[in-house]
Amino acid sequence: MVQNPESGGLPAQQAKGEKDGGHDGEPQALTASQDSAPSPLLQQSPKEDLCAVREEGSAEPALARKGARVLAARALARRRAYRRLNRTVAELVKFLLVKDKRKSPITRSEMVKYVIGDLKDLFPEIIARAAEHLRYVFGFQLKQFDRKHHTYILINKLKPLEEEDLGEDGPRLGLLVMILGLIYMKGNSAREAQVWEMLLRLGVHPSKYHFLLGYPKRLIMEDFVQQRYLNYRRQPHSNPPEYEFSWGPRSNLEISKMKVLGFVAKLHKKEPQHWPAHYGEALADEADRTRA
């Protein structure tokens, strides 16, 4: 799932080629240099020396403020670039799905012209992230079949979880696994608002028709909840009322936590052991399944 690190969903990647004037590490704050004490031969009178100290003291805070403004501006630029990159990936996924509905090949020039635009230098990263979303969320494999003309097609063969037979309805089951992953990484329950936010990050509006998912909110509330893949209940003592999702009994029986954790790890390009608490819980779940 394209859940934030804090949602477990879709992992946070830094845009390559971002020009912020820094290096690999954090930019260093600007500070005034410390000069050695002046020679006694060059010392000024006490009055003149006092004025110089006052001028030097007033310059240091101004320099510190200027450095803080520079760092804040760079951080803001990085956040904006990250958000724009995420939007571009979501738009490219939608574009590829629409093109595939017509079963027509997709060229790199089309993707750059209609979606990527001036971010074309980041094309390798954008196409790689879009391919991950297509694979793990919608069950499609993005395949380049003509390297000379940079032409791609989508192949509807992959399942949401490797080695797990969840049926042929890849896109809908892929969405279910994304939600289960979000719930698991949030401590086995996720607020309703967090689920809708995850869908929006994937370029899927909960209340608008999606040609692969239908109406996503209806799919979740009427199918996943009624089929007991998800529990939906009011959070205790919430006023105004807030609701949350958790794993339903059918998910606990049919889908292992280790598989879902592996799914999340692949999205973030990490190993499942990166989350020790979740990994330990998944191992215990595997042991329980073995005993059962």
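Tutor: Here is a close look at one part, followed by some points from elsewhere in the chain.

The model is predicted: local features need pLDDT of at least 70, side-chain atom pairs count only at pLDDT 80 or more, and totals for chains, interfaces and linings use all residues. Residues are numbered from 1 along each chain as its sequence is written, and side-chain values use heavy atoms, with hydrogens and water left out.

Start with the sheet. Three strands form an open sheet in the order S4-S6-S5, and the pairing is antiparallel. Strands (E, at least two residues) and helices (H or I, at least four) are DSSP runs, numbered from the N terminus. Two strands pair if DSSP finds at least two bridges between them. S4 (190-191) and S5 (230-234) are the edge strands; each has a single partner strand, so one side of each is left without a neighbour in the sheet.

Now the pairs. S5 and S6 (residues 243-247) run antiparallel and are joined by 5 bridges. Leucine 230 has tryptophan 247 of S6 as its bridge partner. Tyrosine 232 is bridged to phenylalanine 245 of S6. Helix H5 (residues 170-185) packs on this sheet. H5 touches S4, S5 and S6, and its direction makes about 105° with that of S6. S6 is mostly covered, with 4 of its 5 residues buried. Buried means under 20% relative accessible area, exposed over 50%, partly exposed in between (1.4 Å probe, protein chains only).

Next, helix H7. H7 spans residues 216-224, and its buried residues are Pro216, Leu219, Ile220 and Phe224. Viewed down the axis of H7, they fall within an arc of 95°, so they line one face of the helix. The arc is that of the directions from the helix axis to the C-beta atoms. These buried residues of H7 pack against H5, helix H6 (192-201), S5 and S6. Contact means heavy atoms within 4.5 Å.

H5 has another partner, helix H9 (residues 257-267). The two pack at an angle of about 95°, and their axes are 9 Å apart. H5 and H9 are therefore roughly perpendicular to each other. Axes are lines fitted to C-alpha atoms, for helices over the stretch in contact, and angles run from 0 to 180 degrees between N-to-C directions. Under 35 degrees counts as roughly parallel, over 145 as roughly antiparallel, 65 to 115 as roughly perpendicular and the rest as oblique. H5 makes this contact with Val177, Met178, Leu180, Gly181, Tyr184 and Met185. H9 contributes Lys257, Val260, Leu261, Phe263, Val264 and Leu267. By class, the contact has 10 nonpolar, 1 polar and 1 charged residues. Ala, Val, Leu, Ile, Met, Phe, Trp, Tyr, Cys and Pro count as nonpolar, Asp, Glu, Lys and Arg as charged, and the others, Gly among them, as polar.

Now the other sheet. This one is also open, with 3 strands in the order S1-S3-S2 and antiparallel pairing. S1 (106-107) and S2 are its edge strands, each pairing on one side only. S2 (residues 141-146) and S3 (residues 151-155) pair in the antiparallel sense over 5 bridges. Leucine 142 stands opposite leucine 154 of S3. The hairpin of S2 and S3 has 4 residues between the strands, and histidine 150 there takes a positive phi near 50°. S1 is joined to S3 by 2 bridges, also antiparallel. Threonine 107 faces threonine 151 of S3.

Helix H3 covers residues 108-116. Its buried residues are Met111, Val112, Val115 and Ile116. Down the axis of H3 they fall within an arc of 110°, so they line one face of the helix. The face of H3 turned away from this buried side carries the exposed residues Ser109, Lys113 and Tyr114.

Isoleucine 126 lies in helix H4 (residues 123-138). At 0% relative accessibility, isoleucine 126 counts as buried. Not counting residues up to four places away in sequence, isoleucine 126 touches Leu85, Thr88, Val89, Leu92, Ile116 and Leu119. Its C-alpha atom is 8.3 Å from that of leucine 92, which is 34 residues away along the chain.
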